[in-house]
Each structure stands twice: as C-alpha cells, then as structure tokens.
Amino acid sequence: MAAAEKYYLTYNTIHKAVKHIASQIMESGFDPDIIVAIGTGGFIPARMLRTFIDRPILTVGLSYYDEFNKPKEFPRKIQWIDEVESKLKGKKVLLVDEVDDTRVTLEYCLKELLQQKPSEMAVAVLHNKQKKKIGTIPQAVKRYYCGKTLDDVWICYPWDAEDIDEQEHLAAAAVGR
Ligand code: G4P
Ligand code: MG
C-alpha cells in the first residue's frame with residue numbers, strides 16, 4: 001500500500017480554520033457553556049477557539065497505550081475531568097479535537113460525556129477524513145462542526161514539527177497543488 005499523502009499545515013492556516021469553525025458555531029445559534037478539549041491534539045485548537053468563543057476549557061486525556069507502552073484496541077482514560085457531573089450536568093458542551101479519523105476516540109468520549117447528562121453535546125474538529133469510520137457519533141449529538149473535509153491523507157500539524165521553518169516551507173509548497 002502506498003504511504004498516505006501528507007498534508008502540511010501552518011499555525012496561521014489552523015488559526016483561520018478555527019475562526020471559520022467559530023463562525024459556523026455562532027451562525028448555527030449554538031452557544032456552548034463549556035469547551036472540552038481531547039488531549040493532546042485538541043488542546044491547541046480548543047485554546048484558539050476560545051479567542052472567538054470565550055468559554056472555560058476542560059480537558060480529557062486518552063491513550064491507546066497501556067502503562068507498559070503496549071498498544072490497545074480502544075483508548076483508555078489517562079486523565080479525566082474531576083467532578084464531571086457537577087460541571088457538565090445540564091450544560092451545553094462543545095467537544096473539540098483536531099481530527100476525526102476512525103471516529104473511535106470521538107465515539108468513546110462522546111458516550112462517556114453524555115453519561116453526565118449535558119443539556120446539549122456538540123463536536124468540533126479541524127479536519128474530518130472522508131473514509132470508512134469505525135466509530136459512530138451518538139444520535140444525541142446533533143451538531144457537528146468541521147473546518148475542512150479531507151481525503152484519507154496524513155495531516156502534519158505544526159505542533160508535531162521539529163523544524164517549524166521546514167513545516168512552513170512544505171505547507172507553502174503544497175498551496176495550490
Ligand atoms: P478519532 O476517533 O478522532 O477519529 O481519532 P482516532 O482514534 O482514529 O485517532 C487515533 C490517533 O491518531 C489520534 O491521536 C489522532 O489524533 C491521530 N491521527 C489520526 N489521523 C491523523 C493525521 O492525519 N495526522 C495526525 N497528526 N494524527 C492523526 P491520539 O492518540 O489522540 O494522540 P494525540 O496526538 O492527540 O495526543
Ligand atoms: Mg488526538
């Protein structure tokens with residue numbers, strides 16, 4: 001199988017994508033009480049989003065690896081919100097992550113958080129990959145916001161770059177392709 005095509009992004013592009021998502025959210029009439037970021041990919045997008053939608057950010061951490069660094073089939077919690085019940089019950093919650101890939105993480109998180117009986121639960125991702133999904137978005141989640149829909153490419157986010165100048169160079173070279 002050929003390696004997935006790489007799609008390089010800059011912080012600038014991501015900032016604009018987040019602004020676009022924020023506009024979609026506001027135009028749709030959704031006014032979240034709380035943002036929940038899925039770590040680690042959702043941390044930076046959630047913080048950027050707060051510039052446009054100024055709500056408190058809670059974070060949850062998941063890992064596909066156990067304490068012996070062995071990969072697992074499903075994510076497990078490595079950090080979760082304390083006193084979730086009092087914080088999410090009856091609230092409008094916006095869950096933020098960077099990418100909707102297989103959807104396994106999103107399904108897991110949404111199901112866990114829905115147990116806390118928020119009044120509404122919505123999702124925002126920077127990118128949704130068009131591919132066969134393993135996970136599903138629960139029916140109770142009616143609002144799904146996405147910055148951009150992509151093919152099944154490998155997205156190279158700037159926060160993963162060891163050389164940020166090279167990252168920007170590669171992103172600029174890909175513009176207009
Ligand atoms: P999903 O439910 O949101 O679709 O995510 P999924 O579980 O399928 O993704 C597993 C891991 O792979 C996630 O990282 C996700 O961020 C990462 N991933 C999937 N596609 C891409 C991609 O195109 N580019 C990059 N850079 N990462 C991708 P994770 O285990 O949550 O780690 P973290 O990086 O968020 O800490
Ligand atoms: Mg992630």
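Q: Thanks! Where does Lys-117 lie?
A: Lys-117 sits in the loop between α4 and β6. Helices here are DSSP runs of H or I with at least four residues, strands are runs of E with at least two, and both are numbered from the N terminus.

Q: Before we go on, what kind of model is this, and how is everything numbered?
A: It is a predicted model, where local features need pLDDT of at least 70 and side-chain atom pairs count only at pLDDT 80 or more, while totals for chains, interfaces and linings use all residues. Residues are numbered from 1 along each chain as its sequence is written, chains are lettered from A and ligands numbered from 1 in the order in which they are written, and side-chain values use heavy atoms, with hydrogens and water left out.

Q: Good. Back to Lys-117: buried or exposed?
A: Lys-117 counts as exposed, because its relative accessibility is 57%. Buried means under 20% relative accessible area, exposed means over 50%, and partly exposed is in between, using a 1.4 Å probe and protein chains only.

Q: What about its phi?
A: Lys-117 has a positive phi of about 55°, although it is not a glycine. Most residues other than glycine have a negative phi.

Q: And what is the phi of Arg-103?
A: Arg-103 has a positive phi too, of about 80°, and is not a glycine either. Arg-103 is in the loop between β5 (92-100) and α4, and it counts as buried because its relative accessible area is 18%.

Q: α4 keeps coming up. Why is it called largely enclosed?
A: Because eight of the eleven residues of helix α4 (residues 104-114) are buried, it is largely enclosed by the rest of the structure. Among the buried ones are Val-104, Leu-106, Cys-109 and Leu-113, and also Glu-107 and Glu-112.

Q: New topic: how many aromatic pairs are there?
A: A search of the whole structure finds three. Rings of Phe, Tyr and Trp (its six-membered ring) pair if their centres lie within 6.5 Å; planes under 30 degrees apart count as stacked, over 60 as edge-to-face and the rest as tilted. Phe-30 and Tyr-145 form a stacked pair, 6.5 Å centre to centre with 20° between the planes.

Q: Where in the chain are those two?
A: They link distant parts of the chain, 115 residues apart: Phe-30 is in the loop between α1 and β2 (34-39), and Tyr-145 is in strand β7 (residues 143-150). Phe-30 is buried, at 4% relative accessible area, and Tyr-145 is buried at 5%.

Q: Why do Tyr-157 and Trp-159 count as stacked?
A: Their ring centres are 4.9 Å apart and their planes are at 5°, so the pair is stacked. Tyr-157 is buried at 4% relative accessible area, whereas Trp-159 is partly exposed at 21%. Ring pairs link Tyr-157 and Trp-159 with Tyr-11 into a cluster.

Q: Which helix holds Tyr-11?
A: Tyr-11 lies in helix α1 (residues 11-27), and it counts as partly exposed because its relative accessibility is 33%.
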